[in-house]
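Biologist: I want to learn to read this model feature by feature. Where do we start?

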Amino acid sequence: MGQVKWLVGLATVALFVIALLSLTGSFADNNTVFIDGEDDSILNSSNTKIKGNLTSFSGAANATMVGLEDTSTGVTDTFQKISSFTGGAKQMLNSLNTALSLVWKRLFGGDTSYGLFLTVLAWVIGLIGALYFYKTLRGNPD
Amino acid sequence: MAVYDTPNLTGGLDDVLVDVSQTLPVFVPMILVFVFGVVFIGGMISQKRRTGFVDTPMWFMIASVSTLFITLIMTLVEGLMNAPTLGIVVAINVLAGIWLFMGSNRNEV
């Protein structure tokens, strides 16, 4: 449920990050700049990783679509495998992970001490989930 | 006693900015924060008046892109911009993209 929406969102994020990094690189190529985004190792490696993820996504999605077409035109005339939108989901999640990693390293410096923030966030989300669970069973937790 | 040396005002506006940024390294990041804040808060208030609701992810994205373009222009002047600042601006843009494209609220995009 919501599979297509999430995959489209993931693909859009990946394309947006590539466009963003390409913009900084192209701006540097076409103008006389003194600070080049391509000189930054983190930005460069993120760009390469996401491009690799999209290439893998393309292959996986095409392979699944071919499988769908083969099964749908078979003798039985029944869909045996409807999973065209699941093809490449792993690569899309990897691209999101790469984008988040870029944000993590650049905004927080990759310092593990900032893991406290994520721990507190996970704790709050867990508490909200527990309250909703309790509310479902017993009514309003307030 | 002056807090910092007065910049040379006869060399042009870019020289003034470079002189100030060399004396106060936080000068350029604060300009970028100012641009981001003006677009972000001003856009949200304008949309609130116009439509009655605020699309925060969209204005976060617009403010980020506006800041990125100002940053790219600043890379054309020697001594005004540095690589970590550019990287942070790009990272904020990525964060805005994730928020906008993965969000489920209604927006005008």
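Modeller: With a crossing. It is left-handed if the near helix is turned anticlockwise from the far one by less than a right angle, and right-handed if clockwise. Here α2(B) passes α3(B) in a right-handed crossing. The model is predicted: local features need pLDDT of at least 70, side-chain atom pairs need 80 or more, and totals for chains, interfaces and linings use all residues. Residues are numbered from 1 along each chain as written, chains are lettered from A and ligands numbered from 1 in written order, and side-chain values use heavy atoms, without hydrogens or water.

Biologist: At roughly what angle do the axes of α2(B) and α3(B) cross?

Modeller: Two packed helices are described by the angle between their axes and the distance between the axes. Axes are lines fitted to C-alpha atoms over the stretch in contact, and angles between N-to-C directions run from 0 to 180 degrees. For α2(B) and α3(B) the angle is roughly 150°, and the axes come within 9 Å. So α2(B) is roughly antiparallel to α3(B) (over 145 degrees; under 35 is roughly parallel, 65 to 115 roughly perpendicular, the rest oblique).

Biologist: Which residues of α2(B) and α3(B) make the contact?

Modeller: Contact means heavy atoms within 4.5 Å. From α2(B) come residues including B:Val35, B:Phe36, B:Val39 and B:Phe40. From α3(B) come, among them, B:Trp59, B:Ile62, B:Ala63 and B:Ser66. By class, the contact of α2(B) with α3(B) has 15 nonpolar, seven polar and no charged residues. Ala, Val, Leu, Ile, Met, Phe, Trp, Tyr, Cys and Pro count as nonpolar, Asp, Glu, Lys and Arg as charged, the others, Gly among them, as polar.

Biologist: What does B:Val39 touch?

Modeller: Leave out residues up to four places away in sequence. B:Val39 then touches B:Trp59, B:Ile62, B:Ala63 and B:Ser66. The C-alpha atoms of B:Val39 and B:Ile62 are separated by 7.5 Å, though the two residues are 23 apart along the chain. B:Val39 is partly exposed, at 22% relative accessible area. Buried means under 20%, exposed over 50%, partly exposed in between, with a 1.4 Å probe and protein chains only.

Biologist: At what angle do α3 and α4 of chain B pack?

Modeller: About 155°, with the axes 9 Å apart. α3 covers residues 56–74 and α4 covers 83–102. α3(B) and α4(B) are therefore roughly antiparallel. α3(B) passes α4(B) in a left-handed crossing. B:Phe60, B:Met61 and B:Leu68 are among the α3(B) residues in contact, and B:Val89, B:Ile92 and B:Trp99 are among those of α4(B). The classes here are 16 nonpolar, six polar and no charged.

Biologist: Which residues of α1 in chain B are buried?

Modeller: Helix α1 (residues 13–23) of chain B has B:Val16, B:Val18, B:Val20 and B:Ser21 buried. The buried residues of α1(B) pack against α2 (27–51) of chain B. B:Leu17 also lies in α1 of chain B. B:Leu17 is partly exposed, at 27% relative accessible area. Beyond four places in sequence, B:Leu17 is in contact with B:Phe27 and B:Leu80.

Biologist: How many helices and strands has chain A?

Modeller: Helices (H or I, at least four residues) and strands (E, at least two) are DSSP runs, numbered from the N terminus. Chain A has four helices and zero strands. Of its 142 residues, 31% are buried. Chain A exposes about 9200 Å², 62% of it from carbon and sulfur atoms.

Notes:
Accessible areas come from the Shrake-Rupley method with a 1.4 Å probe; for residues, only the protein chains shown count as cover.
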